[in-house]
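Here is a walk through the contact between two chains. Keep the structure open while you read.

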Amino acid sequence: MGEQRRWADVAIGDRLAGASFPLTVHRLVMAAGATRDFSAIHHNDRYARASGAPGMYANTGLLMGMWERVLREYVGLDGTIRAIRGFRLARFTVVGSLARVEGEVVGKEIRDGVPLVEIELRTVVDGTVTVGPGRAEVTLP
Amino acid sequence: MSTLNTDWRAAWEPLRARVGELVDPPEPRFGPDAVELGAVRRWLEPLEFDCALHRDADVARAHGWPDVIAPYTAVWTFVLPAMWEPGDDRPTYADAEPDTQPWRSGIGDDIFPDAPPTTGMFGTGVSMEFARPLHLGERVGAGPRRLVRCEPKETRVGRGAFITFDRHLVTGEGEEICRVEAQIYLYNPHGSGHG
């Protein structure tokens with residue numbers, strides 16, 4: 001994690017570095033065990049297809065974790081996360097896809113003495129949004 | 001609209017009648033384990049998520065936390081129920097078919113009193129307000145779900161209902177650390193022979 005970002009240095013329109021996640025079967029199985037979301041739709045391709053999905057797909061914990069990693073890399077060790085809102089699972093984020101999390105600063109204010117930044121986030125696969133866009137509220141020193 | 005089409009919608013009326021009510025017992029349902037360093041490490045692994053706050057107590061304390069903290073969004077992992085518990089008198093799996101599922105729901109939130117039977121479920125949206133993250137040694141429990149909306153709908157994957165609920169997550173000491181509003185879709189896949 002690099003140098004601590006400070007609220008005063010943030011501008012609306014700043015883009016976060018983001019992160020890419022190749023969604024292999026291996027990663028989804030690791031995520032099922034790690035998050036303890038053992039719903040078969042997230043690790044059993046045949047089961048997922050029978051449920052109407054195009055294939056096994058990333059679970060909510062994994063997808064939210066992708067957002068949190070991108071947020072943490074932006075706010076640094078001194079930052080905190082106050083909220084993640086509108087985390088809308090618009091489409092299945094399926095195995096075999098390259099999921100990329102992107103973010104942009106859409107607001108900043110001092111509220112009750114706390115320096116806040118609002119960040120819009122989305123997960124994109126092949127140019128299509130699969131999760132979001134949602135908004136995170138974070139603090140920075 | 002045919003009778004068949006209206007019947008599956010009508011099956012959701014008992015749950016729709018409970019909008020605004022708590023649909024669970026009032027006591028929080030706690031996850032089986034306290035937050036542990038190994039569980040946090042494994043949670044980070046599939047994300048390739050490198051942050052010292054989640055592994056190094058000295059770093060975490062230097063930044064104002066009492067110990068290593070779990071990622072904020074990992075809170076749900078520590079609420080999820082065990083798949084098997086000592087004393088269970090029923091085998092986890094009824095047979096050896098590859099797709100046989102455990103009798104016990106691994107999520108818990110896919111079960112609503114007064115809802116018609118369904119076989120499919122996925123999450124469609126979440127919002128979380130965090131008071132703080134969990135730290136090592138804490139347990140977390142989910143308070144009762146309050147039913148916010150129940151909207152029967154036929155979609156590309158099946159017939160069912162979008163269900164929105166909210167709840168509070170609390171530590172073993174009763175401190176509220178997170179408020180969650182979630183929406184799930186409970187459904188029977190097309191061609192499954194159900195509603």
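Start at the contact, meaning heavy atoms within 4.5 Å. It takes 42 residues from chain A and 43 residues from chain B. Three residues of chain A stand out: Arg36(A), Glu68(A) and Leu77(A) supply 17% of the area that chain A buries against chain B, more than any other three residues. Together, chain A and chain B bury about 3,500 Å². Of that area, 56% is on carbon and sulfur atoms. Buried area here is the accessible area (1.4 Å probe) that two parts lose on being put together, summed over both.

A word on the ground rules. This is a predicted model, in which local features need pLDDT of at least 70 and side-chain atom pairs count only at pLDDT 80 or more, while totals for chains, interfaces and linings use all residues. Residues are numbered from 1 along each chain as its sequence is written, chains are lettered from A and ligands numbered from 1 in the order in which they are written, and side-chain values use heavy atoms, with hydrogens and water left out.

Next come the charges. The interface of chain A and chain B has 3 salt bridges (a side-chain nitrogen of Lys or Arg within 4 Å of a carboxyl oxygen of Asp or Glu). Arg85(A) forms a salt bridge with Glu129(B). Their closest N and O atoms are 2.7 Å apart.

Which elements of chain A supply at least two residues each to the side that touches chain B? They are α1 (25-35), α2 (45-50), α3 (60-75) and β2 (80-88). Helices (H or I, at least four residues) and strands (E, at least two) are DSSP runs, numbered from the N terminus.

β2(A) pairs with strand β2 (residues 120-130) of chain B in the antiparallel sense, over 4 bridges. Two strands pair if DSSP finds at least two bridges between them. Within this pairing, look for Ile84(A): it stands opposite Met128(B) in β2(B).

Now the rings. Over all chains, the structure holds 9 aromatic pairs. Rings of Phe, Tyr and Trp (its six-membered ring) pair if their centres lie within 6.5 Å; planes under 30 degrees apart count as stacked, over 60 as edge-to-face and the rest as tilted. Phe92(A) and Phe122(B) have ring centres 5.2 Å apart and planes at 80°, so this pair is edge-to-face. Phe92(A) lies in the loop between β2 and β3 (98-111) of chain A, and Phe122(B) in strand β2 of chain B, so the pair joins two chains.

Finally, step back to chain B. It has 4 helices and 6 strands. From the N terminus on, they run α-α-β-α-α-β-β-β-β-β.
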